[in-house]
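This report covers selected side-chain and surface features of one protein model. The sequence and structure come next, followed by the notes.

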Amino acid sequence: MRLNQVMRFEQRPTVQAEIVHSVVVADEVWGEWHFYDEDGKAERGVIVLVVDRDQDLIRSSRFYMEVVKDALFM
């Protein structure tokens, strides 16, 4: 993961994540994610992972996330 993506989670230690849908196409895994924390912040979007199945590694990731206003929290 890129540094800014790792920092996203370090700055929000109470974040919870839910994967809503996922699709695997060749070496890519597309997932629809809902992130939320106890502070009332929420983000939703898609994360695309490029994986190396032979070595069980994530080679790269792309985050397409947006802040959700007035979200219903679990």
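## Basis of the model

This is a predicted model, in which local features need pLDDT of at least 70, side-chain atom pairs count only at pLDDT 80 or more, and totals for chains, interfaces and linings use all residues. Residues are numbered from 1 along each chain as its sequence is written, and side-chain values use heavy atoms, with hydrogens and water left out.

## Aromatic pair

One aromatic pair is present in the structure. Trp 33 and Phe 35 are stacked, at 5.7 Å centre to centre with 15° between the planes. Rings of Phe, Tyr and Trp (its six-membered ring) pair if their centres lie within 6.5 Å; planes under 30 degrees apart are stacked, over 60 edge-to-face, and the rest tilted.

Phe 35 is buried, with a relative accessible area of 6%, whereas Trp 33 is partly exposed at 24%. Buried means under 20% relative accessible area, exposed over 50%, and partly exposed in between (1.4 Å probe, protein chains only).

Val 25 belongs to strand β1, residues 16–25; strands are DSSP runs (E, at least two residues), numbered from the N terminus. Val 25 is partly exposed, with a relative accessible area of 48%.

Asp 27 sits in the loop between β1 and β2 (28–36) and is partly exposed, at 41% relative accessible area. Beyond its neighbours within four places in sequence, Asp 27 contacts Leu 49, Val 50 and Val 51, where contact means heavy atoms within 4.5 Å.

Key
Helices (H or I, at least four residues) and strands (E, at least two) are DSSP runs, numbered from the N terminus.
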